[in-house]
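Please read the following report beside the sequence and the three-dimensional structure.

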Amino acid sequence: MARRRQPEEHENHERWLVSYADFITLLFAFFVVMYSISSINEGKYKVISQALIGVFNDPERSMKPIPIGDERPLSVKPAEPLIKDSEQVDAGLAQTSSDPLKTITDDVRDAFGDLIKSDQMTVRGNELWVEIELNSSLLFGSGDAMPSDVAFNIIEKVANILRPFANPVHVEGFTDDLPIRTAQYPTNWELSSARAASIVRLLAMEGVNPARMASVGYGEFQPIAGNDTAEGRARNRRVVLVISRNLEVRRSLTGTGSANATPDAAMKRAGTQTAPAAVAPTVGDKRVNSPSPTL
């Protein structure tokens with residue numbers, strides 16, 4: 001009698017799925033642990049959030065492909081037309097009960113008393129402009145122009161103070177003399193300009209009219225302290241918000257930098273009336289070229 005052949009065992013070709021499932025499970029656990037120990041940068045989150053709001057609230061743009069390199073302004077509020085020289089409102093003549101510059105100064109000092117006492121913020125001014133000086137370490141990481149979480153909170157309060165007024169605003173960026181050579185910031189010029197532009201962008205996000213504002217970077221070339229000590233370099237790494245009485249004052253300041261400007265007779269005239277566009281301001285008996293209107 002012939003013996004019955006045992007049926008051959010079927011080879012399982014899907015055993016790799018067990019190892020694959022184990023690998024995916026471990027990978028998922030790894031990312032859960034990494035996420036749980038990570039810290040969320042509120043500043044980056046707000047920038048992305050504002051960009052998404054701007055895209056999805058504009059039906060016409062959302063139906064079209066986004067061109068590469070075309071950056072949508074972070075403010076969803078349309079910018080008002082630029083103020084013409086002939087239409088520049090003279091705050092000195094238009095004021096009724098109080099001076100806008102004095103009101104801004106008092107409000108900033110009331111809102112940031114702790115920072116002022118700790119020498120992390122300085123508020124100073126005269127009859128033509130007000131300066132709000134902030135240490136860069138409050139606003140940015142080392143060698144970076146991405147605003148920190150603290151920067152968002154500070155600029156939000158400053159924007160709430162500036163929003164009701166029509167005074168021109170420009171932001172100045174400064175660094176120490178330590179060289180920086182990165183792909184994004186080859187020199188301190190780029191770093192200081194990027195930091196000033198970041199603050200202007202935050203102010204626009206908080207509702208300050210973009211047509212009022214400008215940004216300028218001076219690199220390491222306008223120090224207020226010696227760069228031979230760590231304390232001096234820390235003082236030189238700063239961002240200054242300058243609120244001017246009118247457009248002519250702002251142009252005079254951006255031409256020289258607020259650290260080197262003085263309220264001389266010509267600037268006083270610019271502060272009390274709108275200077276003619278065709279006439280260059282004078283300092284003493286010398287004639288000086290007006291800064292570019294784009295500043």
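Phe31 is exposed, with a relative accessible area of 51%; exposed means over 50%, buried under 20%, and partly exposed in between, with a 1.4 Å probe and protein chains only. Phe31 belongs to helix H1, residues 16-37; helices (H or I, at least four residues) and strands (E, at least two) are DSSP runs numbered from the N terminus. The structure is a predicted model, in which local features need pLDDT of at least 70 and side-chain atom pairs count only at pLDDT 80 or more, while totals for chains, interfaces and linings use all residues. Residues are numbered from 1 along each chain as its sequence is written, and side-chain values use heavy atoms, with hydrogens and water left out.

Phe31 is also one of the residues of a nonpolar surface patch, including Trp16, Tyr20 and Ile37, with about 1,100 Å² of accessible area together. Such patches are made of residues with over 30% relative accessible area and no salt bridge, nonpolar side chains being joined within 5 Å. In soluble globular proteins, nonpolar side chains tend to be buried together.

The largest nonpolar core has 36 residues, and Met121, Leu139, Ile154, Ile199, Leu203 and Leu241 have the most contacts inside it. A nonpolar core is a set of buried Ala, Val, Leu, Ile, Met, Phe, Trp, Tyr and Cys residues joined through side-chain atoms within 4.5 Å. Among the elements that give two or more residues to this core are helix H8 (149-162), helix H9 (188-205) and strand E5 (238-244). H8 gives the most, with eight residues. Beyond its neighbours within four places in sequence, Ile199 is in contact (heavy atoms within 4.5 Å) with Leu139, Phe140, Ile155, Val171, Val239 and Leu241.

Strand E4, residues 213-217, is mostly covered, as four of its five residues are buried. E3 and E4 pair in the parallel sense over five bridges; strands pair if DSSP finds at least two bridges between them.

Six salt bridges are found in the whole structure. A salt bridge is a side-chain nitrogen of Lys or Arg within 4 Å of a carboxyl oxygen of Asp or Glu. Three of them are listed here.

| Salt bridge | Closest N and O atoms |
|---|---|
| Asp99 and Arg245 | 2.8 Å |
| Lys102 and Asp106 | 3.0 Å |

Asp176 is buried at 5% relative accessibility, whereas Arg237 is partly exposed at 30%.

Notes. Patches are made of residues with over 30% relative accessible area and no salt bridge: like charges are joined within 9 Å, nonpolar side chains (Val, Leu, Ile, Met, Phe, Trp, Tyr) within 5 Å. Accessible areas come from the Shrake-Rupley method with a 1.4 Å probe; for residues, only the protein chains shown count as cover.
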